[in-house]
Amino acid sequence: MLTTADLFILNLLATFAPYLIVAVSINLEYGYAGVPNFGKVLAVAGGAFMAGVIPGRILASTLGIGKGMDFIKSNVPIITQINGVISSNAISSLQIFIITLIIAAIVGALLGLAVAYPVARLRSDYLGMTFLAAGQVILVIGNNYSPLVGGTQGVNVPDPFQWASSFGINRDILAVIIMMIIAVVIFLYARRLTHSPLGRMLRAVRDDENSVLALGKDVQKTRINIIIIASALAAIAGALYAFYTANVFYASFSRASWTFWPWVMVILGGAANDWGVVAGTFIFVAVRQTITFFSSDLAPFIPFNPVWLDTLLLGLALLLILIYRPEGLIPEKPIKTIKDGRPPGEVAEEDAKSEPGGGKAMDKAQSLASRLKDLFTEKKKDEPTKESS
Amino acid sequence: MVDVYIITDAVVTSSLLALLTIGLSLTYLTTRVPNFAHGTFASVGIYVGVVVTEVMGLNVYLGLIPGFFVGALVAVAQYLLFLRPMTRRNANVTTLMVATVAFDIFLIAILNIFADYLSNAFHVEARYFQFFSLDFTLFGIKGLVFVAPILVVGVVVGLYLLLNRTKFGIAMRATIENPPLAGTIGINTDMVYIASWFLAGGIAGLAGSVIPLWYIGNTNVGSDFFLISIFAAAVVGGVYSINGAILGGLIIGLAQSVIIDVLALYIGAWIIPYQPIIPLIAMIVTLLLAPNGITGINYSGLKKKLRRN
């Protein structure tokens, strides 16, 4: 049996894993490439909706369950029957789990592409607006188009972790372990990505678009590519969350919880710093979990629903961070791509000094610079005399 | 009877959207930041309307004046407390945008708490309410159908007079054109920024206070329902122009209401909830074809191109 403390930790990690993936995906877009995606919920909900659509239907047709029944209307008996079959079959459970994650990633990437393609060549504020609108629209569709995820009823998702109990492992523990493994793999992937030449280019796109263009790089394509990758990752997070909770309900994918909270995590921890994002996500999830854990104790002391206390404090916290410490807890550091761990600029300088030809060029440049300096100082000396005369 | 509804719905929706979009463009032009909390200014107006009608028992249209001032106050507070300190610390546009999103969430939480307080303390309907029955009727048509266009005309004429006939308006236009230059000739640009936020929040609050006469009111109406349409209207009209904002608001309002109402008539009422897809499509199409909006199209250049072809 699990104690309250075990449950607290289990719940914490189960929330931490998908949010870490979403935070990493926002960090790729906003932290590195400067893309303000205010519709992260688009990809997350897209992935989660796929978890509601794909595995249930595939399993129902391959296992021959629920023939002649409407998948949405008689969703509960169909899924219960499916779970009964796959709970004794670990391999087919994991198969359907992985297939769904892949499909979710593809759908997420396509959603990201669909929004990014028309807007990527424009200024970043247009991207923010369009993503926000698209994120809102997918929830409208999820709410009203019931064949997708059951509309206001929601749908159940086949549970790919239930076979664990036949091996004597708790289902939730297995689910959390798998989710954490996937989250760590995605984190390492994003880290490799941003510590490569591509990572440097992303920062350049963020900091100075024109100089990137001058070097012959395609800014628009870079932006679209990073949005596609980040959306695919966010969709995986959505599907994982749906598998863990074993159901999909459109309202649990609100703008606040899957766009705004991950943004707070990234900015709190430090945009464009991988460990900062991990720290930010963990602190955020832990604090929120503690608040929810004690909110029933808090309820008699405040004259309103404690749910609002959450968003009130988080909104204010983000505003204060943005004013007083916009770089976050752990600020961005230059990427060390050279093996001995020095930033590239420093290495280039030393190389220039050590090489005989390069050294001469360096001296020449320095003497030129000092001559220019003299010119300017002379000019300044002249100015007051002119005025006096 | 249905045809009358389509026309009145179009009139009200486009008027409200034009009002809401003017403010967004105004703050965008002066402070150069798209305000993601702008829709929630309308929600603030909605709750001012609730206080005026349900708590105080006054006429709905008396809510217009406090709606204006409370909306203006909230907008100025947003600028002075959060955005100005950030711009002084050299925050870039993206950071400012994030701050407006954060302020939006913060403001929605305050509205929700206020709604809880209203329903607990005064036992009024503070969620999913409407004032349909409180509106007056003229020739069998709801009063808002007449009042909303009058408000648009009033605001447009007022803004025109302010921007073209007063010294402060000229200072405002100068600041929009070139802030450093305006500063060097002695214009208090900071005052201009505050004034633009005051007007933006005020006009949005004004429009918000009458929204429950036509739509179901709730704390998230401004941010979930209107914000997409406001952005779409601003983009379609052209974000760098107040005329564009009015034009865009009218176009998006018209498209949104007429297309959905006609489709609902022929396909079925199930299509109505999908309304937010229309502004999204309008926005994407505009960004693909004419990213600067209708007022940003270079018409003489276009003519030359067509002639050459």
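Helix α9 of chain B passes helix α11 of chain B in a left-handed crossing, meaning that the near helix is turned anticlockwise from the far one by less than a right angle (clockwise would be right-handed). This is a predicted model, in which local features need pLDDT of at least 70 and side-chain atom pairs count only at pLDDT 80 or more, while totals for chains, interfaces and linings use all residues. Residues are numbered from 1 along each chain as its sequence is written, and chains are lettered from A and ligands numbered from 1 in the order in which they are written. Helices (H or I, at least four residues) and strands (E, at least two) are DSSP runs, numbered from the N terminus.

**Helices α9 and α11 of chain B**

- α9(B) covers residues 221-237 and α11(B) covers residues 277-289; they pack at an angle of about 25°, with axes 9 Å apart. Axes are lines fitted to C-alpha atoms, for helices over the stretch in contact, and angles run from 0 to 180 degrees between N-to-C directions.
- The two helices, α9(B) and α11(B), are therefore roughly parallel. Angles under 35 degrees count as roughly parallel, over 145 as roughly antiparallel, 65 to 115 as roughly perpendicular and the rest as oblique.
- On the α9(B) side the contact includes B:I228, B:F231 and B:V235, and on the α11(B) side it includes B:L280, B:M283 and B:L287. Two residues are in contact if their C-beta atoms, placed from the backbone, lie within 7 Å.
- This contact of α9(B) with α11(B) holds 10 nonpolar, two polar and no charged residues. Ala, Val, Leu, Ile, Met, Phe, Trp, Tyr, Cys and Pro count as nonpolar, Asp, Glu, Lys and Arg as charged, and the others, Gly among them, as polar.

**Where the chains meet**

- Chain B gives 41 residues to the contact and chain A gives 38.
- On the side of chain B that touches chain A, α3, α4, α9 and α11 each give two or more residues.
- The largest share of that side, 19 residues, comes from α4(B).
- By class, the side of chain B that touches chain A has 35 nonpolar, four polar and two charged residues.

**One residue of chain B**

- B:L199 sits in helix α8 (residues 189-210) of chain B.
- B:L199 is buried, because 25 other C-beta atoms lie within 10 Å. The cut-offs are 20 or more for buried, 12 or fewer for exposed, and partly exposed in between, with C-beta atoms placed from the backbone.
- B:L199 and B:A75 are 124 residues apart in sequence, yet their C-alpha atoms are 8.6 Å apart in space.
- Leaving out residues up to four places away in sequence, B:L199 touches B:G23 and B:L26.

**Chain A**

- Chain A has 15 helices and two strands, and 44% of its 389 residues count as buried.
- Helix α2(A), residues 40-63, has 24 residues that should span 34 Å at 1.5 Å a residue, and its end C-alpha atoms are 35 Å apart, which agrees. The expected span is 1.5 Å times one less than the number of residues.
- In α2(A), 19 of 24 residues are buried, and just after this helix A:G64 takes a positive phi of about 70°.
- In α5(A), 17 of 21 residues are buried.
- The axes of α7(A) and α10(A) come within 11 Å and cross at roughly 175°, so these helices are roughly antiparallel.
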